[in-house]
Amino acid sequence: MVKVALLIGVSEYEPGLNPLPGAVKDVEAMQQVLLHPEMGGFTETDIMVLKNPQRQDMEEAIENLFAHRQKDDLLVLFFSGHGIKDDTGRLFLATRTTRKTPRGDLIRSSAVAASVVHESMSRSRSKRQVVILDSCFSGAFAEGLSAKDDGTVNIREQLGGEGRAVLTSSSSTQYSFEQQGSDLSIYTRYLIEGITTGAADLDEDGVVSIDELHDYASRKVREIQPTMRPEIYTSREGFKIRLTKVPQGDPKQKYRKEVARYSNRGDVSFVGRKILDALRSRLGLSEMEATTIEDEMLAVARQEFRQKLQQYEQDFTEALQQTVALSEDDLNALRQNLQQILGLRNEDTMPIEAQVKARIEAYKRHLQQYRQSLAKAMRQEYPLSQPTRHQLQQMQQEWRLKNEDLAAIENSLTADMEAYRQKLQQFEQAFIRAVQQEYPLSETNHNQLWQQQQLLGLKAEDIHPITARITTEREAYQQKLQQYEQVITQAIEHQYPFTEEIREELRRYQHVLEIRDEEVARIEEKVVQQRNTNQPQIQQSNTYEPSVAQSYSINIDADTFLEEVKADEFPTQFLSRRVTQVIPETKPVKTPKLPLYWIVPLIFVLAAGFLGLFVKQLRSPSGASPIFSNPLQTQNPTIEATPSPRSLANLSPGWVIKTNNDISLGNNQSLPRRTFLEVIEKKSNPNPASRSFLVSMRVCANKSTQTPANTNNPDVTTSVPPNSKLLPATVLLNSSQINRFGIVLQSDAPNPCRTVTQPPVTEPSDTSPT
């Protein structure tokens with residue numbers, strides 16, 4: 001009786017088949033076990049090793065193994081490498097030169113058919129034939145694992161027979177795996193471990209039989225890869241063929257065997273620990289020696305267990321990170337499948353799931369915080385500035401946020417921001433149209449704008465700056481319209497239709513104020529209609545009280561004037577580059593039209609006469625007030641210094657306000673247009689929030705308010721409007737009424753609230769004022 005073995009390992013392949021580095025190492029490990037005198041007991045000459053053989057060499061070696069043998073000879077064929085099936089399901093063992101067609105079909109002549117092995121075994125006289133196939137049936141590899149099986153092969157029909165035993169790493173319909181990063185394949189490693197440690201000697205008779213070796217290796221493989229199902233195929237008493245012996249007399253080897261038996265999932269169970277502690281004491285091993293053996297035996301199992309836990313964590317994390325959240329049923333199905341495939345229990349996976357869920361929730365929370373910060377930044381400034389970008393990058397680094405997640409958030413917010421900005425523009429346009437049609441807005445328009453805001457989904461804090469800006473612009477524009485209306489009103493009172501020179505000045509003023517042409521046309525039409533409406537009253541007043549106005553003009557450079565005078569302070573007396581001062585008289589005087597060269601001497605004559613009257617008035621014992629409010633201004637009609645313009649903001653007692661429209665006083669009384677009021681006192685308003693104030697004023701006697709008190713003496717007048725009841729001597733008006741219906745006369749204009757007697761043209765008069 002002899003023991004003969006053929007060990008074949010193929011690690012290198014032609015393109016199309018993945019290399020298997022562990023195949024050759026499997027052969028070397030098996031050779032050492034069989035050559036060991038206390039285990040395999042094979043002689044070196046009876047073991048033939050083929051590493052990466054060609055097809056012909058491999059077939060000849062197989063044929064020689066089974067040929068010319070005796071009945072009691074033990075023949076062992078070990079193969080580690082790719083197993084490939086053809087389109088009919090027949091098994092082929094790949095060689096180094098095995099190739100596939102471009103379509104992926106096997107070129108049969110480049111591989112060894114399983115039928116060749118079957119025929120050689122059938123012709124042999126040996127009754128103890130053992131075939132061990134650690135073969136891969138597909139060239140596919142998973143991440144971290146190399147797949148070895150891909151088809152259906154009926155191994156019992158092709159390799160079975162009397163007195164034969166066939167061990168396979170997996171069934172014909174399952175995958176066998178090569179552990180990536182390990183020197184040996186999973187199946188061969190546990191075969192070697194069962195023999196060398198004696199752990200495969202289940203009945204402890206000192207011999208490892210084929211069925212014991214299969215049971216041990218199958219159990220250990222399923223602990224690592226539950227989907228792998230090593231199979232054994234025997235005929236008659238083939239499963240009882242004794243392959244190796246258990247080494248005797250080495251206490252460390254005995255302890256190693258027991259550690260392999262009681263270790264599970266990379267650790268020793270509670271019962272196993274008690275047994276190993278008792279065995280260690282009986283074998284006389286020190287605690288350090290036992291620990292070293294345990295660490296050596298459990299190191300690989302622990303590494304594999306950690307890898308399985310990491311694989312479960314990775315798969316479970318990917319499942320929870322799906323865009324569409326998985327249902328609880330889907331999660332349970334995934335959990336069960338992963339546990340079965342990886343050989344894990346609930347107590348192994350539950351802590352992993354808790355950690356994964358907590359980590360994912362924290363990540364989602366950080367993403368939400370980042371989204372809120374980015375949205376806030378984009379509302380404040382868009383596009384984002386570099387400092388803001390830097391702050392967001394710091395948040396990303398602190399929370400370890402992925403670039404692709406942040407890019408998705410920014411793209412989404414950018415699209416939302418653009419859409420929101422368009423809605424804000426729509427609301428802005430609607431608000432502009434509303435204030436252009438009506439200002440201040442009515443309650444109806446307010447409600448319509450509010451409804452549009454709700455419909456567009458706009459926030460109050462976002463539309464407030466828009467409405468405030470447009471309202472401010474509209475109020476400023478309204479003030480410009482009022483200023484222009486005051487100017488054109490005085491211009492029409494002075495002369496209408498306009499000359500081309502005045503029209504050009506109005507156009508330049510319009511350009512300074514930036515008023516639209518249609519607004520100018522509307523204002524002019526309104527003022528002209530008011531003038532035409534009030535013209536009969538003015539003519540009636542002139543019938544009872546004729547008066548004469550004397551004017552003088554000073555030429556001014558228009559361009560220089562426009563540069564020096566601001567648009568909102570445009571003095572109406574400079575409307576047509578002319579300064580006009582009207583001095584009312586008690587007696588009508590017909591003003592002759594004098595040539596231009598007479599005007600300057602005449603001005604000096606008048607100035608001298610007025611100065612004489614002023615001096616005489618000062619010397620008068622009756623202590624009467626001066627004729628003019630500003631005698632220096634009368635003495636020198638040429639403008640040498642421009643006084644500060646008077647306005648409602650700096651209103652003071654003694655100033656005169658002229659009404660440009662009717663003002664209702666209540667009790668069927670109203671101040672008619674062109675009434676002059678002298679300021680007596682400026683009072684505060686009881687309601688400070690209105691930012692207005694009250695003004696007490698005296699109603700002055702003037703053309704508009706004077707009516708003849710004595711028909712025999714037309715020079716005597718009273719302050720009674722021609723078309724209303726007697727007016728009170730004083731009135732109390734709100735500043736908003738004055739701002740709307742009146743203008744403040746400037747300091748260079750004569751005071752119409754004081755009676756002035758016009759001296760003769762030829763020489764100054766010394767009469768006292770009436």
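User: What makes the disulfide of Cys 700 and Cys 753 right-handed?

Analyst: The model is a predicted one. The torsion about the S-S bond of Cys 700 and Cys 753 is about 85°, so this disulfide is called right-handed.

User: Why is the pair Cys 700 and Cys 753 called a disulfide?

Analyst: The cut-off is a pair of cysteine sulfur atoms within 2.5 Å. The S to S distance between Cys 700 and Cys 753 is 1.8 Å, so the pair meets the definition of a disulfide. A search of the whole structure finds one disulfide.

User: Which parts of the chain does the pair link?

Analyst: Distant parts: Cys 700 lies in the loop between β20 (693-699) and β21 (706-708), while Cys 753 lies in the segment after β24 (742-744). The two cysteines are 53 residues apart.

User: Are Cys 700 and Cys 753 buried or exposed?

Analyst: Buried means under 20% relative accessible area. Cys 700 has 0%, so Cys 700 is buried. Cys 753 has 12%, so Cys 753 is buried as well.

User: How do you know that the span of helix α2 is close to the expected one?

Analyst: Helix α2 (residues 55-66) has 12 residues, and 16 Å is expected at 1.5 Å a residue. From the first C-alpha to the last, α2 reaches 17 Å, which is close to that value.

User: What puts the buried residues of α2 on the same side?

Analyst: The buried residues of α2 are Met 58, Ala 61, Ile 62, Leu 65 and Phe 66. They cover an arc of only 125° around the axis, and therefore lie on the same side of α2.

Terms used. Residues numbered from 1 in each chain as written. Predicted model: local features only at pLDDT ≥ 70, side-chain atom pairs only at ≥ 80, totals over all residues. Heavy atoms only, no water. Helix = DSSP H or I, 4+ residues; strand = E, 2+ residues; numbered from the N terminus. Buried < 20%, exposed > 50% of the residue type's maximum accessible area, 1.4 Å probe, protein only. Expected span 1.5 Å × (residues − 1). Arc of directions from axis to C-beta.
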